[in-house]
Amino acid sequence: MTSSKPSYIIVGAGVFGVSTAYHLIKKYPDASVTLVDRDAFDADSRVAASWDWNKVVRADYDDIVYCQLALEAQDVFKTDSLWKPYFHETGIYWMCRSEYAQDVVDNYKKLGRKADLSAVPIDEARKMYGGLFDDADYTDVKEVLVNKTSGWAAAGDCLRAITRKTIELGVKYVKAEVATLQFDDHGRCCGLRTATGDTLTASHITLCTGAYTPKLLELSAESSGLMDLRAGPRIVAGGITTGLTQLDDNSYERFAAMPVGVQGYTAKTGPFIGSLPPTKDRELKWWGQTIFRNVQEVLPGRYISAPPAEPDYAQWKVSAKLKEDIDHANNVFYGRKGASWKLEKHRICWDAFTTSSDFIISPHSASEGLYVATCGNFHGWKFFPVLGKYVLQMLEGSLPSQLAEKWAWDRERPDPVLNPDWPRAEMKDLLDPVRTSRL
Ligand SMILES: Cc1cc2nc3c(=O)[nH]c(=O)nc-3n(C[C@H](O)[C@H](O)[C@H](O)COP(=O)(O)OP(=O)(O)OC[C@H]3O[C@@H](n4cnc5c(N)ncnc54)[C@H](O)[C@@H]3O)c2cc1C
């Protein structure tokens, strides 16, 4: 039974969930707020996309809404002592094959934001940063966006620190796998059931479950009979590979102060590829260009994309083909400079995608009391400091209409053909061949 005082369960302790819990408990210090996640927040390995060595933090968006939102988040990273230790203002070096650079520069202007950024001609750009990107692939590149005020964050460390802070402020953290949502006789969402059979109840249930969201809704639709709970084409789980190399002393000296590197492509040629500056363990990172679904039968006759069923999403089982994707990324950024590097620590990271790359921060239209806040679309981490502010506005019905429409559960969605990051490949086509032994 739920009491008349609002209470909150947030499923998923990635950036959407933790930011929501943080903003809720800051605004309502006496509120009952519970974060539920299958992994402990300080576990050595987690499935969350938000849990990572590092993430790009930039406001370099051609969509002015995300440009503005990212600037708001960066202001927190740069001024708030809780967030500051995790942000590194190294700059970004973005090889653009469209009008992207100019669009970003224009957006900063429109927002009246002064920053050290410009669209630089290729010949001039190649000489910057000691020529680190001189060997990169510049085929079809029009110009290079250099923004000295962008950078990266130590993502896992930051997630752990902010989660710890929310717990100190009064949020309860429960480590449990959520099996299904629970509904009262009127179809109102009133809680959840865990895989071990425990039940948790609250007046507001918010799903911040990333790539797992469509599967959880599918299972909850089946158990409740509320078929409209299903995500349908709104959300697709997509995976992508990352890889690291540990730099030797010589390379580290050269690369320690490098900016974030981005190879930007168009929807016709593929998703953008990134390379992040070395961490404190001297590990330089890439993400690959192959973004894939993993369509599987989650219930008899129900096929959707979801992370592999293993408790760790099989995230450390990376096939040879996907490792080649990281070799390719290394080559298009560093050419000869990176040719002898040993690429290791490969991981598959799962995120939730919409065709427009917009978040979903919205009441779920099929059940009162149920809310959805996720769909990072491979770019959600950088908004960590402010996501919860907007989720809270959504919960309280005060989200500005422009954002409420953009992030709605029910809205018109564009054809994914124009989205370079849309998961187009299938995981089964990328796996290692299964060896059969002859007896
Ligand atoms: C390889 C890669 C690189 C990226 N790089 C960047 C970048 O540089 N910059 C950037 O801004 N963004 C980046 N992103 C995107 C960003 O990481 C994501 O958009 C964001 O972290 C998603 O946050 P989330 O809270 O929605 O999901 P997640 O972080 O995935 O969190 C979801 C949580 O829900 C929990 N959960 C799910 N189902 C259940 C269940 N049934 N029971 C209990 N718990 C459950 C999971 O355990 C998990 O902890 C990248 C993403 C990937 C995959």
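So, α1 and α5: α1 passes α5 in a left-handed crossing, left-handed meaning the near helix is turned anticlockwise from the far one by less than a right angle, and right-handed meaning clockwise. The angle between α1 and α5 is about 35°, and their axes are 9 Å apart. Axes here are lines fitted to C-alpha atoms, for helices over the stretch in contact, with angles running from 0 to 180 degrees between N-to-C directions. On the α1 side the contact uses Val15, Val18, Ala21, Tyr22 and Ile25, and on the α5 side Leu159, Ile162, Thr163, Lys165 and Thr166. Contact means that the C-beta atoms of two residues, placed from the backbone, lie within 7 Å. By class that gives seven nonpolar, two polar and one charged; Ala, Val, Leu, Ile, Met, Phe, Trp, Tyr, Cys and Pro count as nonpolar, Asp, Glu, Lys and Arg as charged, and the others, Gly among them, as polar.

Quick word on what we're looking at. This is a predicted model, where local features need pLDDT of at least 70, side-chain atom pairs count only at pLDDT 80 or more, and totals for chains, interfaces and linings use all residues. Residues are numbered from 1 along each chain as its sequence is written.

Back to α1 itself. Helices are DSSP runs (H or I, at least four residues), as are strands (E, at least two), numbered from the N terminus. Helix α1 covers residues 15-27, and its end C-alpha atoms are 18 Å apart, which agrees with the 18 Å that 13 residues should span at 1.5 Å a residue; the expected span is 1.5 Å times one less than the number of residues.

Is α1 mostly covered or mostly open? Mostly covered: eleven of its 13 residues are buried, meaning 20 or more other C-beta atoms lie within 10 Å of the residue's own, with exposed at 12 or fewer, partly exposed in between, and C-beta atoms placed from the backbone. Those buried residues pack against several elements, including β1 (7-11), β23 (370-374) and α9 (384-395).

Now α9. Its angle with α1 is about 65°, with the axes 7 Å apart, so α1 is roughly perpendicular to α9. Roughly perpendicular is 65 to 115 degrees, while under 35 is roughly parallel, over 145 roughly antiparallel and the rest oblique. This crossing is right-handed.

Last stop, Gln393, which sits in helix α9. Gln393 is partly exposed because 16 other C-beta atoms lie within 10 Å.
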